[in-house]
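Have the viewer open and follow along.

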Amino acid sequence: MSLGIDEPASADSEPERPTVIGGSTRFVPGQSNDRITVVNGKVQLGQRLVDLWRNRDLLLLLTRTELKVKYKESALGYAWSMLNPALVLGIYYMIFKVISRTQQPHFAIWLFCGLIVWNLFNNSAQGSTTVVVGKAGIIKKVAFPRELLAISTVGVAVVLFTIQVGVLIVFLAAFQLTPDWGSLWLLPMALVALLVFTSAVSIFLSAVNVYLRDTQHLTEVALMAWFWLTPIVYPFGQVSSHLAKYHLTWLYLANPIAPIAMTFQRVIYNQTSYIAAKNNPGHAVTPLLPAYGDGWYALMIGIVFVVSVVLFLLALVIFGRLEGNFAEEL
Amino acid sequence: MTTAIEVRDICKQFKLYTEKQTSLKERVIRGGKMPYTPFWALQDINVDIMQGETFGILGRNGCGKSTLLKCIAGILKPTSGEIRVRGSLAAMLELGAGFQPDLSGRDNIYLNGSLLGLSHAEIEKRFDEIVAFAELEDFIDNQVKFYSSGMYVRLGFAVAVNVEPDVLLVDEVLAVGDASFQRKCLDHVKKFQREGRTIVVVSHATDVMRQNCGRVMVMNHGKSITIDEPGEGIRVFLADLLGVGTLEGSESGGIEGNVLHIGAVHAEHGGSGDRMHLYPREPLTITADVDSLAPVPNGMATIAIHDDANELVFASDPDDPSYAVDIPRGGGIVRFHFPEVPLLDGTYSVSVGVRSATETAIFDWKDQVTKFEVANPGRSTGRVDLPLDVTFRLRSSGQTGEVPAVGAEFSPLALPGWEQSTA
């Protein structure tokens, strides 16, 4: 009855095992895979992280499944994933460029930079609310790290994000704009921070919605408000002076999406201010982004990253607590 | 021998909400607390399941056996206690669980395999094997939603068994599919047993337990009643849980206004007393009190036995004159004696009646008035304990003259090359 020590036996050691009767050579009692799984009511954060890593194949597969199912029977397929962002882009462009007559050059590119960040977050958060509830059949019958379902919605959003980045690059080439090559290193940092933060939010929402089905509707409304609290359509430079007046800049930047979106704008749009030529005889400078160096952006991203990691771990713990009763609640 | 599964003090509480309200409004109104009745689905379950053992969990519906299996599988988390599982584990709680109808069979094999814990490379290695086992070579790239239910089940089983887990949990899935598929399932279970894998089977079917399991745990109301060999376990299951034994004569089926009434009906057998069941081929006596207000000429006592599926097992000959008697005023006691009861496991109910031997009139009929239970200590299954004598005469390999001493008679039904006879 010694269930004491793990004897890690990797799949690589298979050929050394002796053959067994019955034609199967894969199994030898006591030798094959002496991993011990413990099931109890506690949440073991370390174990959860290990399990997540071990099942990364499954994450890819779940993501692929989500995508396949999403666009399976539609004629346009992945084109649909572009239609929504294109429409949003078109509408804001119409409103701000044609109706409000903003003087900002290449306003579409500006919008695009913020929107791809927002879409990644928005798609994951929105998708995650229903992913656990929608997969009740699997959850009730198979044991696997269920967080992967939530993270797979992030995976789906990342694929769509990649497509949109491709379109953005085409746009940049068409307008002959160049990003700030020297600051390009900020982008991967910002993306990682965004992914961790998005995963944390998605994991949290996916679990909570099992118990409180209001969450999915609440999320929809909250995301709408959140969108306008993030400098995507309007530049940060236009609100910074108002915020500074009330000493609320820190609160505004406490929104983790804000510094990330601003970093994308800073690097890709590559302009921190512009001078409106017409209707502005004084040649006043309109600020878009804080004119600080890369260090400031890196610091902001760093803070977001650290906070996101903490939130991610917290989300895993909450998910673990709630997960215990998924199979009953669904 | 090492333990494959160690179950320690497992308790599982379900919260039964009177009305399931998961809206925020409802929660706010109730201050975050929802009224519920606690229900202990599992209480202090302790068991060590050894490596290579086939272990059965037997119990009625709702006794907690499936909950325990889900806890072992890690699908449900116990409220308290701990389960340690050594090695890889696959649970077959429902075949084809997790199939995405919109995806092809191929994609679903990868998805389902991954859910059961295989890596991409491992599935790739076993892919052809799985497809061949499921006999779906021609349809593997079709969407699963176009599969027939049989194809669906075959694919699910093929994936589950090809995971080749150290510990396999099976929840009554062997009861699905057609006969040939069931045989395939059972063959695989046998193969797993030969290979020394650990299998845990959950069922309420006693014959599955008897045929496959080395040990059986009997559960009732979330508690483990006994852990024993299948014969004894099944006996406990039948005796304690199905509440069999002698029922005092109920009033069901009595015919109003008749002169004759059947009173108390008793079953007596060798197992009366502390053993509430009889073994196959033991004698059984049924006695019935018959009250008569007036003399009844040509009264005939009849008896019928039904099994637990309410199928008629035996009914006495309605035309046998030796059963008939002129019943005087005051009645008497009818005694039905079976010198031996060649029945196997089950609970059997007894109906007793008195009718007229010459007319169609029924004086009284007590439908399923008492029960008796048969528990087979051996491993044979079915309904009837048929007398059996097996003789195998091997074809002598090229030698003449010496003939094996057993079963010397020739049987025309013998298979070519084999000779067999039954006495």
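## Helix pair, then sheet

In chain A, helix 7 brings A:L186, A:L187, A:A190, A:L191, A:A193, A:L194 and A:F197 up against A:I257, A:I260, A:T263, A:F264, A:V267 and A:I268 of helix 11 of chain A (contact means heavy atoms within 4.5 Å; helices are DSSP runs of H or I with at least four residues, strands are E runs of at least two, both numbered from the N terminus). By class, that contact has 12 nonpolar, 1 polar and no charged residues, with Ala, Val, Leu, Ile, Met, Phe, Trp, Tyr, Cys and Pro counted as nonpolar, Asp, Glu, Lys and Arg as charged, and the others, Gly among them, as polar.

This is a predicted model: local features need pLDDT of at least 70, side-chain atom pairs count only at pLDDT 80 or more, and totals for chains, interfaces and linings use all residues. Residues are numbered from 1 along each chain as its sequence is written, chains are lettered from A and ligands numbered from 1 in the order written, and side-chain values use heavy atoms, leaving out hydrogens and water.

Over in chain B, an open sheet of 6 strands runs in the order 5-6-7-3-8-9 with mixed pairing (a pair needs at least two DSSP bridges). Strands 5 and 9 of chain B each have a single partner strand, so one side of each lacks a neighbour in the sheet.

| Strand of chain B | Residues |
|---|---|
| Strand 5 | 89-92 |
| Strand 9 | 223-228 |
| Strand 8 | 215-220 |

Strands 8 and 9 of chain B pair in the antiparallel sense over 5 bridges, and B:M219 has B:S224 in strand 9 as its bridge partner.
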